[in-house]
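Notebook, salt bridges first, then the sheet. I note what I looked up and under which cut-offs.

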Amino acid sequence: MSAAAAATHRRAAAAGDLVVSELFTSLQGEGPSAGQTAVFVRLGGCNLDCSWCDTPYTWRWDRHDPRAELSVRPVAEVARQVLEQRAPRVVVTGGEPLLQQRALLELVARLHEAERLVEIETNGTIAPAPRLVEGAARFNVSPKLATSGVRTGRRIVPDSLTALAGTGKAVFKFVVTDPGADVPEVEELAASYGMESVWLMPQGTSGPEVVDGMRALAEAAVPRGWSVSPRLHVLLWGDARGR
Ligand SMILES: C[S@@+](CC[C@H](N)C(=O)[O-])C[C@H]1O[C@@H](n2cnc3c(N)ncnc32)[C@H](O)[C@@H]1O
Ligand SMILES: Nc1nc2[nH]cc(C(=O)O)c2c(=O)[nH]1
Ligand code: SF4
Ligand SMILES: [Mg+2]
């Protein structure tokens, strides 16, 4: 991590604040709630470095400037901004949102109290605390496969995947780059961790990549009883930020 980004995260953690990348309202583009209006809270910082990550501006500080990309905001202020929107649903993502679990807990508790449905997008490497599980409507867990380019010991944390599977609120959404290599790896992970809801989503940041990818993934998903996730925001708006 860059020194500036590290200092930002330390300052936020000391104050109980959140490090925010962006906040916007859109349609949930992925997973079981695809098509539903939601407020997105994108937090800064990640503990992985997936080769195809579509939001490197949240963590890749050799190519992006953390002073321009990140802001430190009190939980109450983020909650107020979210609740100004009429959307019934909130998607907390990143970066890796569970890196900021202490402040995240407070945000999710406030939103849950205000009867918002909070979905948390996570890479599955960090176990959720009981209070986070209580306030969350669902965890959209996206464990990374070998084709992410991240080494196994970093991307697969068995205790965290077990904890997430045990919440009863997790779906597992795998980004597939190469079905021949990736589908057998998903089968192994699904069996090892008792994943009940498995989703395949194509890697891609353009309409044709997503549509062609989904068509190929249907062949693998249907016989196995799995689901295929669109990337609706990519189909509608391409690789635009804040969508
Ligand atoms: C940017 S990540 C943030 C949340 C968390 N770090 C994670 O990976 O789940 C949000 C979602 O986008 C997916 N994703 C990122 N880049 C992608 C790409 N190029 N194609 C398809 N999905 C991608 C991730 O796997 C994850 O499901
Ligand atoms: N529209 C839209 N839906 C999304 N679902 C998950 C996203 C994410 O980046 O986590 C995402 C996103 O970036 N945009
Ligand atoms: S874990 Fe998520 S945010 Fe982090 S690099 Fe991978 S896709 Fe990007
Ligand atoms: Mg996204």
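I took a salt bridge to be a side-chain nitrogen of Lys or Arg within 4 Å of a carboxyl oxygen of Asp or Glu. The model is predicted: local features need pLDDT of at least 70, side-chain atom pairs count only at pLDDT 80 or more, and totals for chains, interfaces and linings use all residues. Residues are numbered from 1 along each chain as its sequence is written, and side-chain values use heavy atoms, with hydrogens and water left out.

Entry 1. I counted 16 salt bridges by this rule. I looked up Arg138 and Glu119, whose side chains form one at 2.9 Å, N to O. Arg138 sits in strand E6 and Glu119 in strand E5 (residues 117-122), 19 residues apart, so the pair links distant parts of the chain; strands are DSSP runs (E, at least two residues), numbered from the N terminus.

Entry 2. I checked burial (buried under 20% relative accessible area, exposed over 50%, partly exposed in between; 1.4 Å probe, protein chains only). Arg138 is buried at 15%, and Glu119 is buried at 0%.

Entry 3. I compared Asp62 and Arg60, with closest N and O atoms 3.1 Å apart in their salt bridge. Asp62 is exposed at 61%; Arg60 is partly exposed at 26%.

Entry 4. I found a salt-bridge network that links Glu30, Asp54, Glu121, Lys173 and Arg231.

Entry 5. I returned to E6 (residues 138-141), which pairs with strand E7 (residues 170-176) in the parallel sense over 3 bridges; pairing requires at least two DSSP bridges between two strands. Phe139 stands opposite Ala170 in E7.

Note on methods: Chains are lettered from A and ligands numbered from 1 in the order in which they are written. Helices (H or I, at least four residues) and strands (E, at least two) are DSSP runs, numbered from the N terminus.
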